[in-house]
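Student: I would like to learn how to read side-chain features in a model. Where do we start?

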Amino acid sequence: MGIVAGLDSSSAFTRIVVCDADTGAVLRQGYAPHPVEAKATEIDPQVWLLSLGEAAAGGLLEGVQAIGVSAQQHGLLTLDPQGNLVRPALLGNDKRAQAAAADLIDALGGRQAWAEAVGSVPQSAQPVAKLRWMARSEPEAAQQVASVMQSHDWLVWQLLGRPARRTTDRGGASGTGFWSAGTGSYRPDLVELALGHQCALPEVLGPADAAGTTPEGLLISAGTGETMAAAFGLGVGVGDAVVSLGASGSVMAVHHQALADPGGMITSFADATGMHLPVVHTLNAVRALRGTAELLGLEDLDELSAMAMKSTPGSSGLVMLPYLEGERTPQLPHTAGTLSGLRRESMKPEHLARAAFEGMLCSLADAMDVLRGRGVEVRRVFLLGGAAELPAVQTAAPAIFGAQVVVPQPADYAALGAARQAAWALGVSQGTLSPAAPPAWQGAAAQVFEPGEELAVGQAVRQQYGATRDQIHPGAFNPTS
């Protein structure tokens, strides 16, 4: 069918993969950093274009027939009536809109009202909260806003030469706070609630739709957010969950319907295929491991893992509730972590090391139970992040999660997902693919771990953890609420 490219414009860099459109085989790759500070909360988006140009240098895109775009989520670009930027782009890590998010929750009548309206409760990262912040903190700039876009929307628009038509996709739109994955439609009234007036919103394209074609004949697909692109690149489907091990953690799964959660623990995203991606976040994952390693005077997580492997399942009765930064699942924003079960025989470094791993994994299993409690099937778990390579994680995770665990080899999955989307749109345009079925690319190369005979042991570890959690925080965790 041809050659396609996928580009991922993350918070720090642009990666481009050029792939065979039929098989997904990577033919060549490009990379360029963004010339900005890592912790910047706003940016001139022209640097994304400069980075893109650098990553594509040397004829990287020669022969490419279609391009897909993945980009960092929750970026907000505000445009005036002429299509010029009103101010620099606000990025997802900007926490200035926390008070604005709380203000919006109250203005609509509470968390349940928002969950029912758009499938999520406002947070500082979301464009809806950023618009409220602009209206309160930069009223003159807010009054100039005639249209809004997110990062991947803006990049697609630029690649197409800034046409009158502006587009987004279901995945990107579902993170705005003013588009409902459940109804598939915008809530302009929520934009007005946040900004103080109406503004133009991008057209939401279907998964296999093209955003347009450049004058040179290069097809540009709909694009999507990084989370949705990575899931598409991994090849996850119904029955799969993706557990991300960063400083904080997340569990997302593919589901056939949007999930409105009155408690606000589930964020209801749409995916890049026409399905849904409900996500549950935890505030603490690898940060609990790093804190334990520092406490034990260890150099790195490899040493912590080796020490944990000297212990046994259950950590000799030692239980760590890893709520070091408070916690979001369960909702305990002002709590602290807990170490329970201290006895003379359990007060050994290896038991503390293992308790940290088991606490982190049990906390993520709690997050997974929130999804399972709402009817989401989880048969297989993709484990992402550097910590997924640690033996202590790979040994304990299948039994604690109660599912097969897949640890994919490191790859540019968001860029691969963008390329797969481009191949889909190209195939539909050529009449060789159906809009209902994406190209069947080979799945990610991975290690696979089964719970096997350890399943009962893992469930005993979870019971020990759950009993400690419920004793210290009675009633805080209800996975079916």
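**Reading side-chain features**

Tutor: A search of the whole structure finds zero disulfides. Keep in mind that this is a predicted model.

Student: What is a disulfide, in general terms?

Tutor: A disulfide is a covalent bond that joins the sulfur atoms of two cysteines. In this structure the search returns zero of them.

Student: Is Cys19 buried or exposed? And Cys362, buried or exposed?

Tutor: Cys19 is buried, because its relative accessibility is 0%. Cys362 also has a relative accessible area of 0% and is buried.

Student: How is a pair of aromatic rings described?

Tutor: Two values are used: the distance of the centres and the angle of the planes. Here the count comes to four aromatic pairs. One of them is Trp48 with Trp154, an edge-to-face pair with 6.0 Å centre to centre and 75 degrees between the planes.

Student: Which parts does the pair of Trp48 and Trp154 tie together?

Tutor: Trp48 lies in helix H1 (residues 46–55) and Trp154 in helix H6 (residues 151–159), so the pair links parts that are 106 residues apart in sequence. Trp48 is buried at 1% relative accessible area, and Trp154 is buried at 2%.

Student: Which residue lies over the face of Phe13?

Tutor: Arg15 does, at 4.6 Å from the ring centre.

Student: Where does Asp169 lie, and what does its side chain contact?

Tutor: Asp169 is in strand S9 (residues 167–169). Asp169 is buried yet has no salt bridge: Arg170, the nearest side chain of opposite charge, is 6.6 Å away. The Asp169 side chain does make a polar contact with the side chain of His152, at 3.5 Å.

Definitions and conventions
Residues are numbered from 1 along each chain as its sequence is written. This is a predicted model: local features need pLDDT of at least 70, side-chain atom pairs count only at pLDDT 80 or more; totals for chains, interfaces and linings use all residues. Side-chain values use heavy atoms; hydrogens and water are left out. A disulfide is a pair of cysteine sulfur atoms within 2.5 Å. Buried means under 20% relative accessible area, exposed over 50%, partly exposed in between (1.4 Å probe, protein chains only). Rings of Phe, Tyr and Trp (its six-membered ring) pair if their centres lie within 6.5 Å; planes under 30 degrees apart count as stacked, over 60 as edge-to-face and the rest as tilted. Helices (H or I, at least four residues) and strands (E, at least two) are DSSP runs, numbered from the N terminus. A charge sits over a ring if NZ of Lys or CZ of Arg is within 6 Å of the ring centre and within 35 degrees of the ring normal. Lys and Arg count as positive and Asp and Glu as negative; His and the chain ends are not counted. A salt bridge is a side-chain nitrogen of Lys or Arg within 4 Å of a carboxyl oxygen of Asp or Glu. A polar contact is a pair of N or O atoms within 3.5 Å; within protein, one must be able to donate a hydrogen and the other to accept it, and residues adjacent in sequence count only if both atoms are side-chain atoms.
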